[in-house]
Structures are given as C-alpha cells and as structure tokens.
Amino acid sequence: MKTLIVYAHPEPKSLNSSLKDLAVSTLENSGHEVRVSDLYAMNWKAVVDAADYGPHASSPLKVALDSGRAFDAGALTTDVLAEQEKLLWADTIIFQFPLWWYTMPAILKGWVDRVFTYRFAYGVGEHSDTKYGERFGEGTLAGRKALLSVTAGGPGSHYAARGINGPIDDLLFPIHHGILYYPGIEVLPPFVLYGTDRMNGQDYPDVAKAWEQRLLTLESTEPIAFRRQNFGDYEIPSLHLKEGLEPAGRAGFGLHVRG
C-alpha cells in the first residue's frame with residue numbers, strides 16, 4: 001500500500017505531530033510506502049492567485065477555467081504539480097489535522113483549493129442526458145481511499161447527535177463528500193479524538209494503541225456508503241435523489257448515504 005499523509009499543524013511537539021509520526025512508523029514497519037506533505041514545514045502557499053496559472057491566468061481571473069488551462073498545458077506551479085503527482089501515486093491518503101472552527105485549518109483548505117484544480121479533480125468526463133460528469137464516485141482519483149484523522153478540543157458529547165456542536169458526521173460531510181468523494185476517492189470512517197485540550201502524557205498510550213489499530217486495518221475497513229451520482233439514484237440533470245430511496249425518517253446529509 002502506498003500512503004500519502006497530508007499533515008496540517010504548526011507545532012512539531014503537538015499531538016497531531018505524534019499521530020503523524022506514529023502513522024509513518026506503523027505503516028512503514030508493516031511494509032507500506034509512505035510519503036508526507038507537512039504543509040507548515042513546506043511553508044505551503046495557501047491562497048489561490050493569478051501566479052498559480054502563469055500565462056494561462058485571465059483578466060479578470062477565472063479560477064476554475066484558468067486552472068484547467070494551466071493543468072492541460074502542464075503549466076501549474078511546481079509545488080502544485082508535486083502534490084498532484086503524490087495523489088496519483090497514492091493508494092490511500094491520510095489527512096491529519098485539528099478541527100479548528102468546525103473545519104480544517106486554513107493551510108489545508110488552501111492545499112485543496114490549489115491542488116484540486118479544474119481538469120484534475122473536477123470538470124472531467126461526459127456531460128449528457130444520462131451522465132453529469134465523472135464525480136461523486138467517479139473521477140481522476142477513483143480507486144483511492146482517504147481517512148481523516150482529526151483532533152477535537154471539546155468532549156465527544158458535544159459532537160453527538162444532540163450535541164451543541166452538531167454531529168461529527170455532519171461537520172465532516174463537506175470534507176468527506178464535497179472534497180474527497182467528489183473526485184472519486186472512497187472515504188473511510190474518520191478517526192476522531194475528542195477532549196484533546198485536556199489530554200496529557202498518561203492518555204497517549206491508549207490513543208496510540210487505538211490509532212495503530214485503525215492504521216493496521218485500513219485495507220479491510222469498509223468505506224462510507226455514499227451514493228454514486230451516475231448509477232441510478234439521482235435524477236439527471238437536477239441531481240435530486242429519486243423519491244422513495246431514502247430510509248424512513250432520514251433527511252439532510254444522510255440522504256446521500258445508502259442503507
């Protein structure tokens with residue numbers, strides 16, 4: 001298995017850093033290949049601008065179309081091309097980050113904004129009366145799996161079904177479904193640690209044991225059963241879920257998960 005770890009935390013002595021290092025050692029000791037994109041150490045440029053597309057940038061800037069032209073011409077910046085190559089190399093992608101303000105750190109969102117360009121991560125495939133592009137289960141990155149390893153400062157009860165922060169599955173849905181599943185990546189159930197602001201060194205052995213177990217079962221873990229766009233569940237072109245396919249009482253994000 002070839003694994004890319006995309007890591008986003010500014011502190012080398014953080015829990016997130018320890019989890020990243022443990023993932024590297026656990027996977028390598030099991031015979032897997034591992035590459036790491038440490039975004040803070042790389043001084044990753046988080047903002048999209050015209051410099052990303054060179055002579056293919058229009059005026060006014062049109063991020064989607066300009067990124068697609070630069071991608072087709074092989075003219076994206078070297079840092080973006082390197083990350084796209086890592087994604088194509090990998091079988092599995094692990095994203096290691098803290099949950100800040102209910103989402104990923106800005107530097108990681110900037111990695112997505114710049115790396116997931118038009119004609120690479122989206123805007124691919126046939127558009128017709130029966131197919132609306134290759135996305136949500138199809139696409140450039142189909143055949144790969146991804147896992148979010150997330151630390152949350154608050155206790156787990158705050159992220160439960162009736163918790164004030166909202167269910168963790170809902171908070172992560174825009175990443176799981178909208179960023180990862182959109183270009184075809186199968187998404188594994190997340191590894192979430194709660195109450196990390198109150199953890200100490202005595203808690204770490206249990207955390208490490210749980211994380212190692214998840215890592216060693218990556219290949220056998222079933223992905224989240226998101227519905228595929230072009231395989232009969234949705235009306236095209238409205239992309240509304242067909243009537244009667246939803247389980248009784250299910251609404252919202254849960255409509256897009258089978259079973």
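1. Y40, W100, W101 and Y102 make a nonpolar surface patch of about 510 Å². Patches take residues with over 30% relative accessible area and no salt bridge, joining nonpolar side chains (Val, Leu, Ile, Met, Phe, Trp, Tyr) within 5 Å and like charges within 9 Å. Areas come from the Shrake-Rupley method with a 1.4 Å probe, and for residues only the protein chains shown count as cover.

2. A note on the source: this is a predicted model, in which local features need pLDDT of at least 70 and side-chain atom pairs count only at pLDDT 80 or more, while totals for chains, interfaces and linings use all residues. Residues are numbered from 1 along each chain as its sequence is written, and side-chain values use heavy atoms, with hydrogens and water left out.

3. Helices (H or I, at least four residues) and strands (E, at least two) are DSSP runs, numbered from the N terminus. Y40 is partly exposed because its relative accessibility is 30%; the classes are buried under 20% relative accessible area, exposed over 50%, and partly exposed in between (1.4 Å probe, protein chains only).

4. S37 sits in strand β2 and is buried, with a relative accessible area of 0%. Its side chain makes a polar contact with the side chain of K86 at 2.8 Å. A polar contact is a pair of N or O atoms within 3.5 Å; within protein, one must be able to donate a hydrogen and the other to accept it, and residues adjacent in sequence count only if both atoms are side-chain atoms. Apart from neighbours within four places in sequence, S37 is in contact (heavy atoms within 4.5 Å) with L4, I5, V6, Y7, M42, E83 and K86.

5. The whole structure holds 13 salt bridges, each a side-chain nitrogen of Lys or Arg within 4 Å of a carboxyl oxygen of Asp or Glu. In one of them, D66 meets R69 with the closest N and O atoms 2.3 Å apart. The two residues are 3 apart in helix α2, so about one helical turn separates them. D66 is buried at 0% relative accessibility, whereas R69 is partly exposed at 39%.

6. D113 is partly exposed at 34% relative accessibility, as is K109 at 37%.

7. R114 and D79 form a salt bridge, with the closest N and O atoms 2.9 Å apart. This pair links distant parts of the chain, R114 being in helix α4 (residues 106-115) and D79 in helix α3 (residues 78-89), 35 residues apart. R114 is buried at 3%; D79 is partly exposed at 26%. Both belong to a network of salt bridges that links K45, D49, D52, D79 and R114.

8. There are 11 aromatic pairs in the whole structure. The ring centres of F136 and Y181 are 6.5 Å apart and the planes stand at 45°, so this pair is tilted. Rings of Phe, Tyr and Trp (its six-membered ring) pair if their centres lie within 6.5 Å; planes under 30 degrees apart count as stacked, over 60 as edge-to-face, and the rest as tilted. F136 is buried at 16%, and Y181 is buried at 1%.

9. F173 and F226 are an edge-to-face pair, because their planes are at 85° with centres 6.0 Å apart. F173 is in helix α5 and F226 in the loop between α6 (204-216) and α7 (229-233), 53 residues apart. Both are buried. One aromatic cluster is formed by F136, F173, Y181, Y182, F226 and F253.
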